[in-house]
Amino acid sequence: MSAAPEHAPTMARLSLSDRLAPHMPVLLVPLLALAGFVAIMNPASWLTLTVSGLAMGMMIFIMASGLTLVFGLMDVINFGHGAFVSVGAFVGISVLMLLGHMTSAPSLILNLAAVLLAVIGAMLATGAMGWAFEKIIVAPVYGHHLKQILVTMGGLIVVEQLIIVLWGPEEIYFNRPEALKGAITFAGAAIEKYRLVAVAVGLAVFAAMRWVLRGTKIGLIVRAGVENGEMVQALGYRLKLIFVGVFIAGSALAGLGGVMWALYQEVITAHMGNHAMILIFIVVIIGGLGSVEGCFIGALLVGLMQNYIAFLEPKAALISNIALMVTILMWRPMGMIPVVKAK
Amino acid sequence: MIRSLLSGDTPRSLPLALILGGILLCLALAPFLFPGVRTVDTAARICIFIVLVASYDLLLGYGGIVSFAHTMFFGIGAYGVALTSTHMGRGFDAIAIGALAGAGLAAALALLIGLFSLRVRAIFFAMITLAVASAVAVLVSQLSGLTGGEDGLTFKTPRELGPAFKFGKEAFDGRLFGVKLNGKLLAYYFVFTGAALLFLAMLRVVNSPFGRVLQAIRENDFRSESIGYRVVYYRVAATCLSAAIAALAGSLYAVWLRYVGPDTVLSMEIMIDILLMVVIGGMGTLYGAMIGATLFVLAQNYLQNLMGAASHLVEDLPLLPELLSADRWLLWLGVLFVLSVYFFPTGIVGRLREKA
């Protein structure tokens, strides 16, 4: 009988980099903020820029989250998603303008109530539109990416033109409600009030979304559907119905994002959704198509990057996002948090 | 002879052959059949858009890849010629260098974008091109020192291509069938010949073994990969080729207009126009580009007047005049576009070929 082979298992601890690697995407946000701090060298400006970057990121996240979920669940890529942003903005701002007596009063409660009504109006409108869009535009071209891209692009054109028919071709300027105007000073940095509201709303939406996805049965089915749709159907769930629900919810969120974006810019045009789409696409690509968490991190990165670069080198602002996307795709070709498909 | 010129890809349908022949004849003799500044300008635009749309079809119809950066490549070619003509002085050498540099740059950029996106998923390509194209459009309008910003660049082409250059004074008394023999006529034929050569070259490409593989990948990329074709290489090569040809079309456009600006060569509207032309004409058949571009440019120039007239007719009704006004023609094109993707995915050419 021969002796047992020499066996000496090594019990080395995982190196720091190995342990950090899975959390790298989450760590990128503070890392970028730190890099911005080093580059700007002025705490007050840095704080202002960081808050506005976070606010922008939150708004992009709200607009992009629906798109990424719809893709993850049904493999449907909706190039017309920007239409919901535009429609949300126009409906929301129209409601706000109707409620002029509430928005011009210097009362925080009245102002917030007006904004809330505007948001509800916008979300109802875009939700209904999402339902119609799914039925008319998307449903006939399931499983056919090329046609999906073409048809949803066509839908975007039609909706954009209809907005021009209904609201006129001119840009509409308006004022934010009284209580959301102006800035507060914190540690020597001027921070616009509205941006703080945007950050709060964005965090609330993200938290709610995570709770729905991780804590409820619907969320469980949605997550399972993203991973393996056929299996979920085989277990007897009507995935198609869930998908329509997710599509409507995503459209309504895009509408919410549209209202917030409009209040941020204080001007709306029929093409604003189309412009927002560019950032939305960058965000969902670097986040990993189908991943809500990735989308959130990606949106924050894009928002921060855009604001830092616009401060340091204004002309490079748009290019900076492309550069960010290229870098991240070189590092992780499927995006930061790729969705694992069981197939 | 014609067969080998068309690389064996004949129209295969009598009505289609007649329509294509008609378009070709009208374009070849446009300055003589329809003398007039506006009509010749329309004919030149049709020639250029045929090439541009065909190069897009090479990507969309044969490769099955959706790109939103085609106007960017078109613009690169146009700006290439404009920049060399501005800095090197007027001359054919400036045009040639500008066109080649533009095509090279477009191909290089397409290679980069393609390597980044196509190796993962073909669907990334559509999104990334959209982002890159809009960034480039903004960049061009911001770098006003180099590109003239929003105003664009006006430049001089060789004297031989301008209206001041006259020829044939002794032989024909300066006129042929009542048409003045001047540089503008030569410029038109410069554009026409360039467009025809590029179109025939593309026909050659799509009917080569390379084109076959592209179509196989479009139909089933997984299977093509299993047979042993490197799908990514073929897709990237198609992207580069299509970008280079789009850039050359842009150079022709710049030579014809003697002007480039962000709105004329880089705008998103042109991208949407190209998409409509490809889909309406028929994807996956270069002849579709010919029909689509011709119909569309004609409609763009003449249908808008008609819509204006219709809008006047219904002036008293609510909302209808708004819907029918000439500025809203994109709305109806959008509707037409969606309907044609659903009901005529093969476009006009596909329909005609089915009947044959």
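Where is the place of R258(B) in chain B? This is a predicted model, in which local features need pLDDT of at least 70 and side-chain atom pairs count only at pLDDT 80 or more, while totals for chains, interfaces and linings use all residues. Residues are numbered from 1 along each chain as its sequence is written, with chains lettered from A and ligands numbered from 1 in the order in which they are written.

**View 1. The loop at R258(B).** To settle the opening question, R258(B) sits in the loop between α13 and β4 (259-260) of chain B. Helices (H or I, at least four residues) and strands (E, at least two) are DSSP runs, numbered from the N terminus. Although R258(B) is not a glycine, its phi is positive, at about 55 degrees. R258(B) is partly exposed, with 18 other C-beta atoms within 10 Å. For burial, C-beta atoms are placed from the backbone; a residue is buried if 20 or more others lie within 10 Å of its own, exposed if 12 or fewer, and partly exposed in between.

**View 2. The loop at M41(A).** Here is another positive phi in a residue other than glycine: M41(A), near 60 degrees. M41(A) belongs to the loop between α2 (24-40) and α3 (43-74) of chain A. With 8 other C-beta atoms within 10 Å, M41(A) is exposed.

View 3. Strand β2 (residues 183-186) and strand β3 (residues 189-192) of chain A pair in the antiparallel sense over four bridges; pairing needs at least two bridges found by DSSP. Two residues lie between the strands, and A187(A) takes a positive phi near 50 degrees.

View 4. Helix α10 (residues 183-206) of chain B has 24 residues, so at 1.5 Å a residue it should span 34 Å, and its end C-alpha atoms, 35 Å apart, agree with that. The expected span is 1.5 Å times one less than the number of residues. Among the buried residues of α10(B) are L185(B), Y188(B), F192(B), L198(B) and V191(B). V191(B) is also one of the residues with the most contacts inside the largest nonpolar core, together with I48(B) and I50(B), and this core has 236 residues. Helix α13 (residues 231-257) of chain B gives the most to this core, with 19 residues. Such a core is a set of buried Ala, Val, Leu, Ile, Met, Phe, Trp, Tyr and Cys residues joined through C-beta atoms within 7 Å. Leaving aside neighbours within four places in sequence, V191(B) is in contact with A44(B), C47(B), I48(B), L252(B), V255(B) and W256(B). Contact means that C-beta atoms, placed from the backbone, lie within 7 Å.

**View 5. Where chain A touches chain B.** Across the two chains, 29 residues of chain A are in contact with 32 residues of chain B. On the side of chain A that touches chain B, the elements giving two or more residues are α7 (145-167), α12 (272-287) and α14 (317-331) of chain A. Of these, α7(A) gives the most, with 14 residues. By class, this side of chain A has 23 nonpolar, four polar and two charged residues. Ala, Val, Leu, Ile, Met, Phe, Trp, Tyr, Cys and Pro count as nonpolar, Asp, Glu, Lys and Arg as charged, and the others, Gly among them, as polar.

**View 6. F124(B) and its contacts.** F124(B) lies in helix α7 (residues 122-142) of chain B. F124(B) is buried, with 22 other C-beta atoms within 10 Å. Apart from neighbours within four places in sequence, F124(B) is in contact with I285(A) and S117(B). Between F124(B) and E225(B) there are 19 Å in space, C-alpha to C-alpha, and the two are 101 residues apart in sequence.

**View 7. Helix α19(B) and I23(B).** In helix α19 (residues 347-355) of chain B, the residues G347(B), I348(B), V349(B) and L352(B) are buried. The cover over the buried residues of α19(B) includes α2 (14-28), α15 (268-281), α16 (286-313) and α18 (329-343) of chain B. Helix α2 of chain B holds I23(B), which is partly exposed, with 18 other C-beta atoms within 10 Å. Once neighbours within four places in sequence are set aside, I23(B) is in contact with M290(B) and T294(B).
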